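I opened the model to look up its ligand contacts, its metal site and a few backbone angles. My entries follow.

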Amino acid sequence: MGKTSLGLDARLQTYLTSISPPEAAILQALRQETTTQPGAQMQIAVEQGQFLTLLVQLLSAERALEIGVFTGYSSLCVALALPPQGRLVACDIDPEATQIAQRYWQAAGVADKIELRLAPALDTLASLLTAGAAESFDFAFIDADKRNYQNYYERSLALVRPGGLIAIDNVLWSGKVADPAVQDTTTQAIRDFNVRLRNDARVTVSVIPIADGLTLARKH
Ligand code: SAM
Ligand code: CA
């Protein structure tokens with residue numbers, strides 16, 4: 001079954017899967033291949049991929065940004081939902097995982113829509129801004145190192161257009177954010193980020209308890 005949504009017991013998760021659209025064969029194959037990789041648990045859940053696809057379609061997005069590619073599951077969901085002229089800038093630092101991603105982008109016929117930037121994402125986002133890409137993106141998905149979430153969010157907010165959407169993954173962090181006994185720096189960074197976003201007047205926010213928690217922030 002792969003990753004599941006937080007708080008759903010096995011029976012309800014199975015039911016959810018049974019009433020969800022079937023996972024596309026190419027996504028299924030990528031999920032299967034990723035199980036052999038270190039960090040396989042980092043891949044997004046099936047229902048979350050379907051939700052990202054829907055968001056991209058709802059926005060009629062043509063320019064998308066992804067921060068945290070890994071083996072490419074979420075980028076594939078986004079790229080498949082983009083129109084033929086659509087473009088996804090995909091940021092990661094891992095050449096091995098993204099080699100798998102590139103293979104699947106090719107197989108799915110969306111490689112031409114995706115520009116992989118292998119560099120620290122903060123640098124890539126800064127260079128996009130320097131190159132004049134402010135307010136040119138419709139959608140951004142943030143799913144890389146959690147301690148940089150606030151920085152990724154600020155730069156993404158500058159890069160998306162008014163009315164554009166930023167989706168931030170893992171905001172419920174396996175429930176650790178709600179456990180006062182957990183005080184590691186990553187959990188604390190997600191907690192701080194969540195509180196700041198709640199009070200951010202520049203966006204409309206909704207926290208979706210899908211998978212490991214996904215916050216949506218629409219830029220005013
Ligand atoms: N969205 C992916 C999926 O659907 O499978 C999962 C992404 S995984 C949770 C996080 C990724 O962020 C890893 O592939 C890691 O290499 C990348 N990453 C970590 N630090 C980074 C950084 N400073 N800049 C860019 N990517 C980074
Ligand atoms: Ca994630």
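I started with aspartate 143 and ligand 1. A polar side-chain atom of this aspartate is 2.9 Å from a nitrogen atom of ligand 1. I count a polar contact as a pair of N or O atoms within 3.5 Å; within protein, one must be able to donate a hydrogen and the other to accept it, and residues adjacent in sequence count only if both atoms are side-chain atoms. Serine 74 also has a side-chain N or O atom 2.8 Å from a nitrogen of ligand 1. For tyrosine 152, the distance from a polar side-chain atom to a ligand 1 nitrogen is 3.3 Å. On its own, ligand 1 has 600 Å² of accessible area (Shrake-Rupley method, 1.4 Å probe), and the protein covers 88% of that.

The model is predicted: local features need pLDDT of at least 70 and side-chain atom pairs pLDDT 80 or more, while totals for chains, interfaces and linings use all residues. Residues are numbered from 1 along each chain as its sequence is written, chains are lettered from A and ligands numbered from 1 in the order written, and side-chain values use heavy atoms, without hydrogens and water.

Then I turned to the calcium ion, ligand 2. Which protein atoms are its donors? They are Asp143 (OD), Asp143 (OD), Asp169 (OD) and Asn170 (OD1), at 2.3 to 2.9 Å. Donors here are N, O and S atoms within 2.8 Å of the metal (3.2 Å for Na, K and Ca); water is not among the atoms, so sites may look incomplete. The donor residues follow the spacing D-x25-D-N. Aspartate 143 is in the loop between strand E4 (137–142) and helix H7 (149–159), and aspartate 169 is in strand E5 (residues 160–169), so the pair ties together parts 26 residues apart in sequence. Helices (H or I, at least four residues) and strands (E, at least two) are DSSP runs, numbered from the N terminus. Buried means under 20% relative accessible area, with a 1.4 Å probe and protein chains only.

Last, I checked phi. Most residues other than glycine have a negative phi. Phenylalanine 70 has a positive one, near 55 degrees. This phenylalanine lies in the loop between strand E1 (63–67) and helix H4 (73–81). Phenylalanine 70 is buried, at 11% relative accessible area. Alanine 211 also has a positive phi, near 55 degrees. I found alanine 211 in the loop between strands E6 (203–208) and E7 (214–219). Alanine 211 is buried at 3%.

Terms used:
Buried means under 20% relative accessible area, exposed over 50%, partly exposed in between (1.4 Å probe, protein chains only).
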